[in-house]
Amino acid sequence: MSEQRKPETWAVEAGRRPDWTHGVVNPPIYRASTIVYPSIAAMDAANLDHDGVLFYGRKGTPTTWALREALTGQEPGAAGTMLMPSGVAALTTAILSVCKAGSHLLLPDSAYDPTTAFVFGLAKRLGIQAEAYDPLIGAGIAAHFRPETALLMLESPGSLTFEVQDIPALTAAARAAGVVTLLDNTWAAGHVFKGIAAGCDMVMQALTKYVGGHSDIMMGSVTATAGHFERLRNTVWQLGHCVSGDEAALALRGFRTLPLRLARHEQSAMQVAQFLHQHPLVDRVLHPAFADCPGHAVWKRDFTGASGLFGVVLKRGSRADAALFCDGLRHFGLGFSWGGFESLIIPTSPEKLRRVTPFRASGLSLRLSIGLEDPEDLIADLASALERMETAL
Ligand SMILES: *Cc1c(COP(=O)(O)O)cnc(C)c1O
């Protein structure tokens, strides 16, 4: 179904079920805890677990069903999607749906820092053994599988350092060994890379980022194949995760314009990255579309585009000099998160997060999220910052 529609068309039509909404274009915002039934028979009939029947607020309403259906359709081959109150909650829930005490899990060395914190923190206390691996290992991952390996985590490109992983090779190796795969597909926004089609069993997204797109919600999702969806749903229910109708409606509003916004984010980010790439103070740009980005060939092969988030490493300066660069910026906000309409920048220290593969930086490292402003304004802003650095250092 979704496979036959172009992404822009899918984004507009997805999850719109007149039988859920009486034909209203946007599903009304349901604020629900209790649903009351006219009879015991009606109550018993509702206690089935499928969308389209209201049972209890925590288990969803037409507002959340619409968002879930839209996200499932974004990943051809998927069976269903569950929503969580943040991207981190989506990641930890997906991990707990697969791993138990004694399980071994593999995590790319370039993983999002809070993911690493969970697998080496609370997950470890629960008896799950985590091991970091080289994100560029590809089919070589097979050598790291043990009899007790339950989960191979994937994130492409990696957080802060942007290595692109060979997802088809990694998922093929995992499948052969009976290891479940979970991809963090936040950078691609579920749009420029299709994880389930590339062999992943589960794909998560921080909807907080590009799907929300307006810096006003926290939410996460996990989309799974038929073989993994039921276990995921039961884990979500047992942990008690749910999202509000108000926030689901905002996520759905973001979803409608996702392909359009992402195209602009991509285009502007490329312009800004190209400016930085040729600047004498810049050592390298960490962006999958650049030939020197680790995994660039895989990105070209597997992705249909890019988003607006990338990194840059300067030739000089250190974290201590970050204020020189950042404090005088007029158009970039200094803030965490990304994927909103406004440009953001943060200094980063990826070398401190590495466990098995070193990251070397000659100078100050920064991460930029390019928003929907005119890229010429952003470039002028960065040019002034680079000038300040060159004068001072
Ligand atoms: C932000 C982010 C998350 C977590 O999302 P939150 O909604 O902030 O919890 C997970 N993965 C990646 C790659 C992210 O950038």
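K209 sits in the loop between strand 6 (202–206) and strand 7 (220–224). Strands (E, at least two residues) and helices (H or I, at least four) are DSSP runs, numbered from the N terminus. The model is predicted: local features need pLDDT of at least 70, side-chain atom pairs count only at pLDDT 80 or more, and totals for chains, interfaces and linings use all residues. Residues are numbered from 1 along each chain as its sequence is written, and side-chain values use heavy atoms, without hydrogens and water.

K209 is buried (under 20% relative accessible area, 1.4 Å probe, protein chains only). K209 has no salt bridge (a side-chain nitrogen of Lys or Arg within 4 Å of a carboxyl oxygen of Asp or Glu). The nearest side chain of opposite charge, D184, is 7.4 Å away. Leaving aside neighbours within four places in sequence, K209 contacts T186, S337, W338 and G339 (heavy atoms within 4.5 Å).

The largest nonpolar core has 84 residues. Such a core is a set of buried Ala, Val, Leu, Ile, Met, Phe, Trp, Tyr and Cys residues joined through side-chain atoms within 4.5 Å. L152, L276, F325 and L368 touch the most other members. Helix 11 (residues 258–277) gives the largest share, 8 residues. The core lies between domain 1 (2–254) and domain 2 (258–392), because both give residues to it; the bounds come from an automatic or database domain assignment.

In strand 12 (residues 365–369), 5 of 5 residues are buried. S365, R367 and S369 point one way, L366 and L368 the other. Strand 12 runs antiparallel to strand 9 (residues 309–314), joined by 5 bridges; pairing requires at least two DSSP bridges. V312 stands opposite L366.

Note on methods
Buried means under 20% relative accessible area, exposed over 50%, partly exposed in between (1.4 Å probe, protein chains only). Lys and Arg count as positive and Asp and Glu as negative; His and the chain ends are not counted.
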